[in-house]
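User: Could you walk me through this model, starting with the ligand and then moving on to how the helices pack?

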Amino acid sequence: MKQITIAIDGPAAAGKGTLSRRLAETYGFHHLDTGLTYRATAKALIDAGLPLDDETIAEQIALKIDLAGLDRSVLARHEVGEAASKIAVMPAVRRALVEAQRTFARRGPGTVLDGRDIGTVVCPDAAVKLYVTASPQVRARRRYDEIVANGQVADYDAIVEDVKKRDDRDMNRADSPLRPAEDAVLLDTSEMSIEAAFQAAKRIVDAALN
Ligand code: CDP
């Protein structure tokens with residue numbers, strides 16, 4: 001059987017992660033959350049006390065990121081996500097990380113990659129492309145519930161503002177801005193439960209693979 005890649009893109013907190021993990025499990029494919037590669041680069045810079053605005057230094061760190069060692073629980077902090085979206089505007093950083101992501105994407109029997117530019121830049125030939133989205137209010141609500149479920153205090157209005165700021169930075173950067181690929185199927189999960197979104201995504205993938 002031909003090697004297959006499923007590309008999943010969308011804005012912050014749209015639910016790509018959960019969907020991608022479940023799709024990968026369902027089809028027996030390898031999964032890569034490419035956001036973690038940007039987060040790992042940002043965290044390594046922060047931990048080493050290095051600047052977040054020096055492209056050459058950030059590129060050196062990006063070239064050393066090991067995809068096997070990525071752990072969302074270690075990289076989950078809000079500040080790490082913010083720093084990730086800042087270094088993600090740097091072309092040299094993107095080149096280094098995209099190279100590693102493309103190598104991962106070729107693994108057999110298949111792969112699921114999620115991020116911002118998978119269908120447009122990393123895997124333009126992916127067999128299936130999904131663009132998962134939801135309104136900023138719904139996405140902020142999901143983030144809020146996640147934080148509260150972890151026993152922490154959250155401010156809903158501040159999270160809405162954060163989500164909008166992150167969208168703005170991701171959609172308006174010059175290199176690989178967040179946008180649906182022309183051949184992506186749009187999936188708006190604003191009114192869907194996780195289960196309903198997964199079922200909808202699975203139908204789209206099954207249709208494309210048949
Ligand atoms: O989980 P969350 O939506 O906060 O973001 P993430 O997927 O962990 O990604 C963090 C940041 O990395 C994003 O805001 C993007 O700026 C950047 N990113 C990117 O530029 N390209 C990707 N393929 C994945 C993430």
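**Ligand site and helix packing**

Analyst: The ligand is surrounded by 18 residues, and the closest are Arg39, Arg94, Asp117, Arg166 and Asp170; a residue counts as near a molecule or strand if one of its heavy atoms lies within 4 Å of it. This is a predicted model, in which local features need pLDDT of at least 70 and side-chain atom pairs count only at pLDDT 80 or more, while totals for chains, interfaces and linings use all residues. Residues are numbered from 1 along each chain as its sequence is written, and side-chain values use heavy atoms, with hydrogens and water left out.

User: How far is the polar side-chain atom of Arg166 from an oxygen atom of the ligand?

Analyst: That distance is 2.9 Å for Arg166, and a polar side-chain atom of Arg72 lies 3.1 Å from an oxygen atom of the ligand. Thr34 has a polar side-chain atom 2.9 Å from a nitrogen atom of the ligand.

User: Switching to helices, at what angle do α5 and α9 pack?

Analyst: Helix α5 (residues 78–87) packs against α9 at about 20 degrees, with the axes 10 Å apart; axes are lines fitted to C-alpha atoms, for helices over the stretch in contact, and angles run from 0 to 180 degrees between N-to-C directions. That angle makes α5 roughly parallel to α9, a term for angles under 35 degrees, whereas over 145 counts as roughly antiparallel, 65 to 115 as roughly perpendicular and the rest as oblique.

User: Which residues of α5 and α9 meet there?

Analyst: His78, Gly81, Glu82, Ser85 and Lys86 of α5 meet Asp162, Lys165, Arg166, Arg169 and Asp170 of α9, where contact means heavy atoms within 4.5 Å. These residues divide into no nonpolar, three polar and seven charged; Ala, Val, Leu, Ile, Met, Phe, Trp, Tyr, Cys and Pro count as nonpolar, Asp, Glu, Lys and Arg as charged, and the others, Gly among them, as polar.

User: And what about α8 with α9, how do those axes cross?

Analyst: The axes of α8 (residues 136–149) and α9 (residues 156–172) come within 9 Å and cross at roughly 125 degrees, which makes α8 oblique to α9. The contact includes Pro136, Tyr144 and Ile147 of α8, and Tyr156, Ile159 and Arg166 of α9. Its residues divide into eight nonpolar, one polar and six charged.

User: Which residues does α2 bring to α3?

Analyst: Thr41, Ala44 and Leu45 in α2 meet Ile57, Ala58, Ile61 and Ala62 in α3, and that contact divides into six nonpolar, one polar and no charged residues. Helix α2 (residues 35–47) and helix α3 (residues 55–63) pack at about 120 degrees, with their axes 9 Å apart.

Conventions:
Helix = DSSP H or I, 4+ residues; strand = E, 2+ residues; numbered from the N terminus. Polar contact = N/O pair within 3.5 Å; in protein donor to acceptor, adjacent residues only side chain to side chain.
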